[in-house]
Amino acid sequence: MALPVAEWQGRTARLWAALDPALQERLAAASLHDAVRLGCDLLRAEQEEEAALVQLCLQAPTDKKPEAASWYREQGNREFKRGQYQAALRLYSKAASHELPGSPEVSLCFANRSAALLHLGHFKVCLEDIARAESHGYPDRLLPKIMLRKAECLLCLERFQDAQDILRVLESKIPPDGVMTTHLTRLKKLSQLKVKLGEKERYPEPAGERGGIQGEPEIWEENSSISGASSSLSLSFDAERGRHLVASQDIVPGQSLVKEEAFVSVLCPGESLPVQDGDTAWDTRATNADLYCHHCLRQLLASVPCQGCSYAKYCSQGCGEMAWQQYHRTECSLGALLLTLGVFCHVALRTVLLAGFAEVSRLVAWSHCGDKNLQTPEARRKPLSEAPAAGAGSRGIPGCGSNGRYQSSYQALFHLLPHTEQHSPEHKFLCTLSVVALCKQLQAAGLEAAVLNQESPQQWSKPKACEKTSDELSPELKTVAEAMLRHMLQLQCNAQAITVMQELGPGDGAVVDKKPVRLATAFFPVLSLLNHSCCPNTSVSFSGTAATVRASQPISSGQEVLHCYGPHWCRMRVAERQQLLSQYFFECRCRACLKELESGVKSVVSIRNSFCCPKCRAQMQGEEDTLCCSNEACATSASRDHLSGRLQDLQQQIKKALDLLRVRKADQAIKMLLKCQMDAGTFLSPEHLLVGEMEDHLAQVYATLGKWQEAARHLKKSIEIVEMHHGPSSVETGHELFKLAQILFNGFAVSEALSTIQRAEGILSVHFGPQSAQIQELQEMKACLSQLPRNILQRT
C-alpha cells in the first residue's frame, strides 16, 4: 500500500486529535523544515508511539528464518511430486531467501529448484542454479544427481561435447547403483542419438527462451532541451498549466514521444497474510515481491536472494550487487519498517539515497529561500526571466539545469510541486511522523554514515550493529527527513504507477488472459511534465523501470501532449472523475469534462451501464431512490437499492463461476455463467460492461475445452461491447482482439485469424510499439499461418 498500515494511520490520527489546537494550527501552517522539527519534538515526547511502531513491524518480518526455509522446501517437494513444477519453483525460491548466508541447506534449495526448471524446459537457467548449488557447497554424495541433470540440460541445448564430457566423468566415478546406472545409460543413448541427428532434430525451446520475430526499429531523435523526449516536443510553462509539453510538429499515432528510465522505483509488495504469534506455517501465495526483481522489475524465474534479508530478491547477481551499492545496504535491515510505513515512504527514502546527501542538502538549503518566493501569488505571475536562476535554470523553467536543459535528474524531481499548503493537516502530520520515525531508526541502527555517503566500500558488507544514540536527530538527518517529507507529499500528485500485463489463472491454456497490475511506484521527472486529460492523446507503457509514451491519436503542431491520470471518460461519469481527481488539487477542464458539465447531457457511461426495465427492456432512469421506466407506456418502477443488490449478487455468482474454472470444472462454470447471463438479461442494459465481461468469460471456458468456434462467437460479442465503451482503437479493444486471434489460430480459422491478427497488430503497436511481446506473438502466429500450403489457405 502507498501509505502506512492502517494501525499506524489510526495512531497518528488519534495523536493529532489530542494535540492542543494552537499546536495543530502551527503544524498545519508549518514549512517542511519546521514540520520536521516539530515532528521530532512530538516523537521524543510520545515514546509510546515509537514502541507501537516497533510492534507493528513484527507483522511484516523480513529477517531470515531457517525454520521457514525448511518448511517452504518441504512444501516445494510436495508440489514437485504432484507435478506442479511452477508452484514448486516459487516455493524453492522462498526457501532460498530464508536460508542464512553460507548455510549448506541453501545449496539444496538451488538444486531442487534446478530440477523444477528442467521439467519446465528452462535449460539455461537450470544450469545457472546447478552452478549456484555447487558454489554453495552441495554435498559430494549428491553430486552425481545434479551432474546427470546438467548433462541432460546440455543435451537439450545441443552442447553435445560438453554433455559427453560430463557423462564420461560420471561413468568413471559413479558406483554400480541400479538407479544411477539406468539414468546414465539412458542419457548416453540419448547423447549418441542427438549427435547422429545433428541439425536434423531441434529440441523445442520453451517460451521465453526463443528469439521472436524482430519488428522494424523505431525512428527516434532525442530532444536537445529535454532528456528522453522526442525532438517533436517542446517544453512550455505558464501560471495556469505549469510546466507542460507541446507538439512542435505534427505527430502521428504510435509515434514515440518520451522514453524515460525511472529516477527511482520501488516494488509494491502485494498482499500477503501477516504472520501471527505462534504461527508455524507461512504464506505460500506468490506476490509481486516473489515474482519480480526488486531492482530492475523484470519478471523472476529463479531469483537470487539478498544475503541479509528474506524480502529482497533479484533476477541476477549483478542486479543484487547494484541494488546493494546504490541503496539496499541502507534499506536491508529496515525492511519490516519500510513495509509498515508504506511504499511512498520507501520511495522517499530511496530517492534521497540515490540522489546523494550533497545534492539533497544543496537543494534543501536552496528551498529555504526559493520556496518562500515561489509560493507567493506575485512570484507566480512574474515573467519567466525573473524567476530565481539558482534553481530554475537559465530558461526560467523550474527544474531546468543552468544550461536550460530539463533532465531526468534529482533537481527536476525536487522541483515537482509538493502542494504543501493544500494537503490536509492530518495527512501532512502522518507523513511527517513517518519520515521522522524512519530517520530516527536510521540513526539508532548506525546507518547515518551510509545515508550521508560517508561510508567506504570496504564497510558495505559488514553487518550493522545497533548503536545507542541520542533521541535528538542530527542536523544532517533532519535535512534528509525534510527532503523525504517533500517527496512523500509530491508523490500524491506525481507518483507514477508502473504496470504490467499479468496472466490470470495458471497460464497454461491455449488462450492467455491478462490484466494490468500495479507493479511499482516511481518518479519519472519528464513523464511528470504531462498534464492530465480524461480524453488523453497519449498511451503509456512500461518495460522494467522504463516508460514509453506514444501518441494514441494524431496531435497537431502547437497542441498540448496529455496523459490520463486514471479516470478515463469512457470508464467513469464526470462527477466520479472530478471526485477522484481532487487528490491532484485541480479541477479538470478537459474537453470531455466540459462537454458533460456544460451540456448537462447524461454521460455515455451512465447510459450503457444502466439498468433496464424487467418488462419492456427500456432504460430505467431517475436520480432518486426509485427508478422509472423511460417508456411512458410501461411506467414500471423499481428501487435503485434492489437493482444494485441484484447486480452485486450477479457479480458474486460470476466470481464463483471463475473459481470453478480455476479448479478445472469447466462444465459447471459454463452452466453457472449461462445462468448469470439469463439473469443479467432481466435487469441490465444489453450494452452493460458486465454483459461483455460474461461473454469474455464464456469464451475463456469454451477455449479451455477446445471448442474454438463457440469461444470465438462469445468473444466477438464481448468485443462489440468493449468497442462501444472504449472505442474501436482503444487498448482494451486491442487486448480482446489479441485473444480472438489466439482462439481463431487454435481453431484453424486461417483467413479470419489473419485479418484479426492484422487488426490487433495495428491497435496494439500504437499503444505498445512494434517490439512488444504481444506484437511479437501476433507476428509469430501470422508467419505460421502464412506458411501453410496454398490449398489450405484457399479453403479457409
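Which residue in E15 is the bridge partner of Cys628? It is Ser637. The views below start from this pair. This is a predicted model, in which local features need pLDDT of at least 70, side-chain atom pairs count only at pLDDT 80 or more, and totals for chains, interfaces and linings use all residues. Residues are numbered from 1 along each chain as its sequence is written, and side-chain values use heavy atoms, with hydrogens and water left out.

**View 1. An open sheet has the strand order E13-E14-E15.** The sheet holds 3 strands, and their pairing is antiparallel. E13 and strand E15 (637-639) stand at the edges, each with a single partner strand, so one side of each has no neighbour in the sheet. E14 and E15 are joined by 3 bridges. One of the contacts links Cys628 to Ser637 in E15. Strands here are DSSP runs (E, at least two residues), and helices are DSSP runs too (H or I, at least four residues), numbered from the N terminus. Two strands pair if DSSP finds at least two bridges between them. Strands of a sheet pair through backbone hydrogen bonds, either parallel or antiparallel.

**View 2. Glu623, Glu624, Asp625 and Asp641 form a negative surface patch.** Glu624 sits in the loop between strand E13 (620-621) and strand E14 (626-629). Glu624 is exposed, at a relative accessible area of 60%. Exposed means over 50% relative accessible area, buried under 20%, and partly exposed in between (1.4 Å probe, protein chains only). The areas come from the Shrake-Rupley method with a 1.4 Å probe, and for residues only the protein chains shown count as cover. Patch residues have over 30% relative accessible area and no salt bridge; like charges are joined within 9 Å, and nonpolar side chains (Val, Leu, Ile, Met, Phe, Trp, Tyr) within 5 Å. Asp and Glu count as negative, Lys and Arg as positive; His and the chain ends are not counted. A charge is placed at NZ of Lys, CZ of Arg, CG of Asp or CD of Glu.

**View 3. E10 and E11 form a hairpin.** There are 2 residues between the two strands. Gly544, in the turn, has a positive phi of about 65 degrees. Strand E10 (residues 538-543) runs antiparallel to strand E11 (residues 546-551), with 6 bridges joining them. Thr538 has Ala551 in E11 as its bridge partner. Ser539 stands opposite Arg550 in E11. E10 is mostly covered, with 5 of its 6 residues buried. E11 is also mostly covered: 5 of its 6 residues are buried.

**View 4. E11 also pairs with strand E3 (residues 256-261).** This pairing is antiparallel and spans 5 bridges. Lys259 has Thr548 in E11 as its bridge partner.

**View 5. Asp129 and Arg132 meet in a salt bridge.** The N to O distance between their side chains is 2.7 Å. A salt bridge is a side-chain nitrogen of Lys or Arg within 4 Å of a carboxyl oxygen of Asp or Glu. Asp129 and Arg132 are 3 residues apart in helix H8 (residues 123-135), a separation of about one helical turn. Both are buried. A search of the whole structure finds 31 salt bridges.

**View 6. Glu331 forms a salt bridge with Arg350.** Their closest N and O atoms are 2.8 Å apart. Glu331 lies in helix H13 (residues 317-331) and Arg350 in helix H15 (residues 343-355), so the pair ties together parts 19 residues apart in sequence. Both Glu331 and Arg350 are buried.

**View 7. Glu710 and Arg713 meet in a salt bridge.** The N to O distance is 2.3 Å. Both residues lie in helix H29 (residues 708-726), 3 residues apart, about one turn of the helix. Glu710 is partly exposed, at 27% relative accessible area. Arg713 is partly exposed, at 37%.

**View 8. Asp41, Arg44, Glu472 and Lys478 are linked in a network of salt bridges.**

**View 9. His427 is found in helix H20 (residues 425-444).** His427 counts as buried, at 14% relative accessibility. The C-alpha atoms of His427 and Gln9 are separated by 9.2 Å. Along the chain, His427 and Gln9 are 418 residues apart.
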